[in-house]
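Subject: Structure handover

Hello,

Here is the structure we spoke about. Please look it over, then read the notes below.

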Amino acid sequence: MKHLLTFLILITSVFAVKAQDTTAQASVAKWEYTAEKKADKEYILHLKGTVEKDWKLFSTTMKDDEPNTRVVVDSIATITGITEQGTLKKAPEALFDNLEIKYFEGQVTLDVAVKLNGPATKLEGAVNYMALKGDEVVGPEEVKFRFNVDASGNIVNVAAGLQESAVAGQTLKRAAIDMANPLSNCGGADQEAKSLWGLFILGMVGGFIALLTPCVFPMIPLTVSFFTKKSQDKKTGVLNATIYGFFIFLIYVLLSLPFHFLDTLDPEILNNISTNVWLNLIFFVIFIVFAISFFGYFEITLPSGLASKVDAKTSVGGIIGIFFMALTLALVSFSCTGPILGSLLAGSLSTDGGAMQLTVGMGGFGFALALPFALFAMFPNLLKSLPKSGGWLTSVKVVLGFIEIAMAIKFLSNADLVTHWGLVKREVFFAVWIICGFLIVLYLLGKIRFPHDSPLKKISPTRWILAAIFLAMTIYLLPGVTNTKYANRQLISGFPPPLSYSIYKNAAKGVEANVVNDYEAALKLAKEQHKPILIDFTGWACVNCRKMEENVWPDEKVKTLIEEDYILVSLYVDDRKLLPEDQQFLFTTNTGRKKEIKSIGDKYATMQTENFVNNSQPYYVLISPDEKLLTKPVGYTPDAGEYANWLKCGLDAFKKNK
C-alpha cells in the first residue's frame, strides 16, 4: 500500500495509452495480406509482417504454453498448414527462465493453407502475435483480416483490419457545419467560464475538508509558529508563510500538467480515461481500500524514505527550503488527501473531459489547503480560536470513510452505465447512499465504533448537529428508491444514474423519452418535419449532463421548446457498444492522425471534436435540417431561463433562414 500513488500514476498511464486510437500493434508489427487460389475451396493466405526495430516476433512453432504467434480463421474454414518465410532465430531468453525462444526480426511471411468447409462469400480470421523487446512483452495482439470470395470461389478483394473510407468519413466531418459563421451570436463560451469557477469551488471544498483531517490540521499551528518565530520580524514571517502557501498551491497545480500533455495527443483521451471501464473498476476498489484505511484498520502512506529525503532538503534555507517544506506536507498528508484528490481527479475528468478542468479543480484544492497558513501567519492571534487536535479528527476520517464508499459506488456505476451491465440501477445507487447515511448517523451517536476511536463518554453538541444534518440528508434521499415524481432528487442530480436506468419497467421519463440517438435518423426527421435539431453531446458517466436532464429540461419553457420545436438527438460519446462490422472504418482526423471508429462512442466523440473543436460534455448545438449552425454552441447551463432563451434564439434564426 505504500506504493499506492506510484500505482495510480502507472494505472493512469496504462489506460491513457489504451485510450489512444493508435493501437499497440501499429508500433510493433505491421501486416499486409494477399491470397491465391490453389484448388477448389483451397487457398494460400500470405500474411506478411514487418517488425519494428529491436522487436522479436515469436514463431508459430512455439508451444501453446509458451509465448507464440497464432493464426485463426472462422468456422467456415480449416487451416491445413502454416509455413514461415524468413530468418528464424533461436536463443535462450532469461526473461522466461532461459527458455529457448524462436523468433523473427525485421520481416516474416506466414503462408497459411486453408480449406473452405462449405460455400462462403468471405473468409475472416486474425493473426494473434506476441513480441519481445528487452524486458517488454506485448500480446497476444489481434490483427484481423478478411478476404472476399466471389461466386466462382475467387478472391476478389482483401480487407485487412479497418479500411479508410471517404464516404464513411463524411458521416463524421459535416462539410456544411461552419463554426465561424453561426446565423446568430447567441450562446458561446461564457458557460464554460462558469463551469470552471464551479470546479474551482468544488476543489476548494475538497481542500477545506482535507484541512480537517489528522494529517493536515495539526500542521497548521506548528508551521505558522515555525515561520513567525524563526523569522527576524513579523513582516518576514508573513512573507515566508505566504510563499509556503503559494508553493502548496503550485504543487497541486503541477500535478495536473501531465494531463495537458495527454490532452494534446488526443482531445478525447481524458474523456476515454474517465469513462474507461477497467479504470473505473480499479478506482472502485481503491476507494473501498481508502475507506477501510479511514476506518482505522491500516494506514496508507507513501514510502517513508521518499518523505525523509524531501524533508532533508528543507534545511537548505531560503525559497528553495520553503518549497521542500511544502512538498513534505503534500507527501506526509497523502494518506488523508489522497482519497479526496482521487475523487477530484475522476470528478474533474468526468465533468468536462479536459485537462483545464482538472487544473482548475486541483488549483482550488491547493488554494484551500494553503490559505490557512498565510492567513494565520498574518493574524497569529487567530490560532487561539482553533480547536485543539484530538479524537474528533479521527471521527472526521471515519465519516470520510463512509463518504468514500458512497463515491466508490459512483465509479462502479460509471462502468456499469457505459457497458449497460444493469448492476447499479438508479434505485440500487440510492440504496447504498442511504445505508451509508444511516451508518454515519449511528457512528456520530456512538452506536458504531472503530479501532482508533477514543471512548465516547458524552455526545457533544457538534456531534448532535452533524448527526441531524446527515439524518436530514439521508431522509431526503429516501424517495430516490421509489417510482414516483419525487424520485428526482435535484440536490444530487447528476451523481445517480439517469431516471430511465431503473429497476422499474415504467420508470418516469422526461423530455429524453422522445430522444433520438442516431444523428442521421435525426437529420431525416428534421427534414421531414421541417424542424431544427438540438444536438446533445452527452455521456453515460457525465454528471452535468444528468443535472441538465433532471433540472433544466423539465422546466416548462424548456420542455415545451424541445418537444414542440426541435428534434432532439442525444449522442453518447462514451458508449462502448460496438458498431456493426460494416460500419467500422479508419478515419483521418483534422490533424492527420488515423483513428479507428469501432464503437458508438468513437463515432460521436470524433464527430464532436472534428466539427466543433470541443470535447466537453454536455455540449449543445442547434442546426437547421441543411446543417447550418443556428447559434454558438453552449455547454453546461444550469439556469433554465438562460437555456430557454438560447433555444428561442436558435428557433428565431431558423425561421429567418427558412
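A residue counts as buried under 20% relative accessible area, exposed over 50%, and partly exposed in between, with a 1.4 Å probe and protein chains only. By that cut-off, buried residues make up 51% of the 658 residues in the chain.

Two notes on the source. This is a predicted model, so local features need pLDDT of at least 70 and side-chain atom pairs count only at pLDDT 80 or more, while totals for chains, interfaces and linings use all residues. Numbering starts from 1 along each chain as its sequence is written, and side-chain values use heavy atoms, with hydrogens and water left out.

Overall picture

The chain has 21 helices and 16 strands. Both are DSSP runs numbered from the N terminus: helices are H or I with at least four residues, strands are E with at least two. Of the contacts with a separation of 6 or more, 73% join residues 24 or more positions apart. Contact here means heavy atoms within 4.5 Å. The accessible surface is about 30,700 Å², and 61% of it belongs to carbon and sulfur atoms. Those areas come from the Shrake-Rupley method with a 1.4 Å probe; for residues, only the protein chains shown count as cover.

Cores

A nonpolar core is a set of buried Ala, Val, Leu, Ile, Met, Phe, Trp, Tyr and Cys residues joined through side-chain atoms within 4.5 Å. The largest has 28 residues. Trp31, Leu45, Leu47, Tyr129 and Phe145 have the most contacts inside it. At least two residues of this core come from each of β1 (29-39), β2 (42-51), β4 (70-73), β8 (107-116), β9 (122-133) and β10 (136-149). Another core, of 26 residues, lies apart from it and includes Ile177, Leu523, Ile533 and Phe537.

Sheet and strand pairs

Strands pair if DSSP finds at least two bridges between them. Four strands form an open sheet in the order β1-β2-β8-β5, with antiparallel pairing. β1 and β5 (77-85) are at the edges with a single partner strand each, so one side of each has no neighbour in the sheet. On average, neighbouring strands of this sheet are turned by 20° against each other, direction ignored. The axes behind that angle are lines fitted to C-alpha atoms, for helices over the stretch in contact; angles run from 0 to 180 degrees between N-to-C directions. β5 and β8 run antiparallel and are joined by eight bridges. Thr83 stands opposite Asp111 in β8.

β7 has two antiparallel pairings to check. With β3 (residues 56-58) there are two bridges, and Phe58 stands opposite Tyr103 in β7. With β6 there are five bridges, and Pro92 stands opposite Glu100 in β7. β6 and β7 form a hairpin with five residues between them.

Further along, β14 (residues 585-588) and β15 (residues 594-597) run antiparallel, joined by four bridges. Phe585 has Ile597 as its bridge partner in β15. This pair also forms a hairpin with five residues between the strands.

Backbone points

Most residues other than glycine have a negative phi, and most peptide bonds are trans. Asn98 lies between β6 (89-93) and β7 (99-104) and is exposed, with a relative accessible area of 55%. His530 also has a positive phi, near 55°. His530 is in the loop between α17 (519-529) and β12 (533-538) and is exposed at 53%. In the β14-β15 turn, Gly592 has a positive phi of about 90°.

The Gln617 to Pro618 peptide bond is cis, with omega near 0°. Pro618 sits in the loop between α20 (600-612) and β16 (619-623).

Helices

Eight of the 10 residues of α18 (residues 543-552) are buried, so this helix is largely enclosed by the rest of the structure. Among them are Arg546, Glu549 and Glu550.

The unreviewed UniProt entry annotates "transmembrane region" at several spans, including 238-257 and 277-298. UniProt positions follow the numbering used here, feature names are shortened, and annotations may be inferred rather than shown by experiment. In the model, residues 238-257 are 90% helix and 0% strand, with end C-alpha atoms 29 Å apart. Residues 277-298 are 82% helix and 0% strand, with end C-alpha atoms 28 Å apart.

Best wishes
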